[in-house]
Every structure is written in C-alpha cells, then in structure tokens.
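Biologist: Hi, I'm new to this one. Could you walk me through it once it's up on the screen?

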Amino acid sequence: MEMLRTVTKAWNIPDVRKKIIFTLAMLVIFRIGAQIPVPGIDREVLAQTFDSDTGLFALFNLFSGGAFSNFTIFALSITPYITASIIMQLLAIAIPSLERLQKEGMEGRKKMASYTRYLTVVLAVVQAIGVSVGLFRQALISTDVFSVTVIVLVLTAGTSFLMWLGEQINEYGIGNGISLIIFAGIIARLPSAIQEIWSKLQEGTMSMVTLILFVIFCIVVIVGIIEVQQGQRRIPVQYAKRVVGRKMYGGQATHIPLRVNQAGVIPVIFAMAFLQFPLTITYFMSANSDASAFIAKWLSPSGSPGIWIYSAFNVVLIMFFTYFYTSVTFKPDEVATNMQSSGGFIPGIRPGKTTEEYLTRVMTRITFVGAVFLAAVAILPTIVSQLGGLDFHFGGTSLLIAVGVALDTMKKLEQQMVMRNYSGFLK
C-alpha cells in the first residue's frame, strides 16, 4: 500500500509524471516495432525452423521479447550494444588512453559512449549478416545481394534505433533504458507463457504438482532477489570536529552503504550476451557441419552434455562480471581519499591506504555472496529441470532480470520522490 501511495504522489507531480509517461511511451514503441516483420522472409519456413529446434533460440528470444523468433525489425534486440559495452569496458582496462577518457568526466564519458555506438553498429552488421545468410537462409524468399542487403540494413537499423531509444529513456525517462527494454521484452512473453502452461494442464502434459512447484520456485526467487538486492553492509564513518572561524563543523556520525549486490542484474545480462558468441558463430556455418553440431552439443543450452557446460560457463561469467562491474562502479581508493580530505575516518581504521584496503576487503567478501546468489538463481532452473523433469519456460534468469530491473526502476522513482521530501517505499 505504501508503494501505491508513493506512486500516486509521484503521478501527481507534473515533471515526474512526464518522465513516467515518456518511459512508458518508449516501451510501447519498442513493442510495436517488435511486431513489424523484416521484408523478404517466408513466414512458413521461418515457423518450421523454430518448431524444429526452439531450444537453441531461447536465449535470443529472451532479450528480444519474441522478436527473434518472429524475425521482426528488432530481432537482434539490444545484444550488440551490450556486447559493445563489455568490449569497451575491457579495452578501457587494457588501453591507457581509454582509461584516461573514463576519468575525464562528462566529456570523456561522451567520447566513450560514441565509441560504443560505433562498435554497436559494426557488431550489429556482422550479426545481421550471420542471421540472414546463415541461420535463416532457408527462410529468405530471394538470396540475391540486394535482398540480403536490405535485410541486413533493416536489422542493423532496428538495433541502432533500440540503442537510441534506451538513451532517450536514460535522459528523459526514469530508469536504465537498456535494462527496461529487456524487461519489457520479458514481461511481454508472460501472457504466452501462462497460456502455454494452461494448455499443458488441459492436455495433461503438466501436472498440478509441477505447476505448484513452479509457483513456489518463482515466489522464493522473487523474495530472494528482493532481499539480496536490498541487502547492504553499513560501514560506520565518523567525521572529526574542526573549527572554522567561530563555527564548529563536523563531529557527526554516518555510514557507507555497501550493497551485497552492487552490480544489480548487469552481470547476468553481460554473461548471457557473452555466451551468445559460440551460437552466433553457427550463423555462418552449415546446419549439418561438424563444427555446428559440436557447438550445439557441447556449448548450447539445448545440447547434452552442453547444457551442463553452458551452465558452468554461466556461473563463472556471472561471478567474473559481478566483481568486474563492482570494481567499475565502486572505487575504494577514491572513497578513502574523499573521506580523508573531509576529515572522516572509520573507527579503528587508519585513514588513507589502510581504509582503502579495509573497504576492498569488505567489498570483496560481500560481493562474493551476491555473485553466488546471482549464479545460483541463473542455473537453478536448469538443474531442477534436468533432475526433476520440470520445464521452467519462464526461468530464473528471466525472473532475475525482471525483478532486478523493476527494483532498480523503483529506486530511481524513489530518488525523484526523496528530492521532493516524500518518504520512499524502498526502505
């Protein structure tokens, strides 16, 4: 009820209401575009392609909200942008000039954003070529150069438009635009997933016990995500008293909130984008080639034993990106320096280098808990479905992204309310 009251108050504020309406309008545009088909595609052949092996494409459909299986203008979704962001973040560590750009403030971030956009277009072109001349070649009505070029340009333009759409949400809306686009795609698939479950119940292919276990699993995951996302370690900070003129400043006690999951759902999104690389390679191969069969068997979530290898890589990548993204967003050295310059200190810890080492040690420990949780939620449905025979069509990864993005968006809305002296609903 508190949440509803806060949302109502937010809606009554003109500028916040405009941001909410703008965000919803952008997501509606995304869903409309996800229904516009790419020209030059035989829909009957396309349907047969997905009926023959839907497991291979589940990963791509997750990000695109079903646009990939329908081969619409947003079929590539926002994954090229995510991949480009990962590459630029890694290059910033290896290339000193890019690292300097990141530290140059607003202008440096603008240049990094421009490089990311250019790389996104390049990756989108490569992926569009692979999709059109590789994976969906049989569905093409005409394979001449002009037809293929049109398809590649349409797919690339669709990804570029989504990238622009996400940036508009970041600037004029509420929440992270890229995450909200993925969120909208996942939520859009919910009605069809419910309908599929209902059909299985009617046909007798799914028992009521299985459905109850699925609902319990969803509730446990959602509660766990909320608890971990909201969990934090509060580091006490004391500011020394100092006299300026005739006034005394400082002396107050505060804390540094270190979140258990500082990276949010970004590691899961990054890991899934990274795991698409071997499957993307199969676009350029013949469906009957040995290399394609090897990837489908050993590295695909639909293969056996590939599903276990895929899950293992997923765990490793999620934990890696959790630590990586946390190190990008939280700088213990900067926090320690700012604290020392302001006369602040952690009780029992020397200011400066010792404080930095202490913050690093604490952050490393609590990040491990968050990383293990993210990895467990991502692979738990796979393990349960293999050992228990349950089919989690709307699994842990989908719930993790959906709930995580929803919480992040609510926090952004809460920040808007706090700026206007309203009590938030996320405690």
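Biologist: In which hand does α2 pass α10, left-handed or right-handed?

Modeller: α2 passes α10 in a right-handed crossing, where right-handed means the near helix is turned clockwise from the far one by less than a right angle, and left-handed means anticlockwise. Helices here are DSSP runs of H or I with at least four residues, numbered from the N terminus. Bear in mind that this is a predicted model, where local features need pLDDT of at least 70 and side-chain atom pairs count only at pLDDT 80 or more, while totals for chains, interfaces and linings use all residues. Residues are numbered from 1 along each chain as its sequence is written, and side-chain values use heavy atoms, with hydrogens and water left out.

Biologist: And at roughly what angle do the axes of α2 and α10 cross?

Modeller: Roughly 60°, with the axes of α2 (residues 14-33) and α10 (residues 177-188) coming within 10 Å. Those axes are lines fitted to C-alpha atoms over the stretch in contact, and angles run from 0 to 180 degrees between N-to-C directions. That makes α2 oblique to α10, since under 35 degrees counts as roughly parallel, over 145 as roughly antiparallel, 65 to 115 as roughly perpendicular and the rest as oblique.

Biologist: Which residues of α2 and α10 make the contact?

Modeller: From α2 there are T23, L27, F30 and R31, and from α10 L180, I181, A184, G185 and A188; contact means heavy atoms within 4.5 Å.

Biologist: New topic: how many residues does the largest nonpolar core have?

Modeller: The largest nonpolar core has 55 residues, and I78, I82 and I401 have the most contacts inside it. A nonpolar core is a set of buried Ala, Val, Leu, Ile, Met, Phe, Trp, Tyr and Cys residues joined through side-chain atoms within 4.5 Å. Buried means under 20% relative accessible area, exposed over 50%, and partly exposed in between, using a 1.4 Å probe and protein chains only.

Biologist: Which helix gives the most to this core?

Modeller: That's α13 (residues 266-281), with 8 residues. Another core, of 17 residues, lies apart from the largest one, and L46, F68, A75 and L135 are among its members.

Biologist: What about F71, is that buried or exposed?

Modeller: F71 counts as buried because its relative accessibility is 0%. The loop between α5 (67-70) and α6 (79-94) holds F71, and its phi is near 50°, a positive value in a residue other than glycine.

Biologist: Where does S77 sit?

Modeller: S77 is also in the loop between α5 and α6. Its phi is near 55°, again positive in a residue other than glycine, and at 1% relative accessibility S77 counts as buried.

Definitions and conventions: Helix = DSSP H or I, 4+ residues; strand = E, 2+ residues; numbered from the N terminus.
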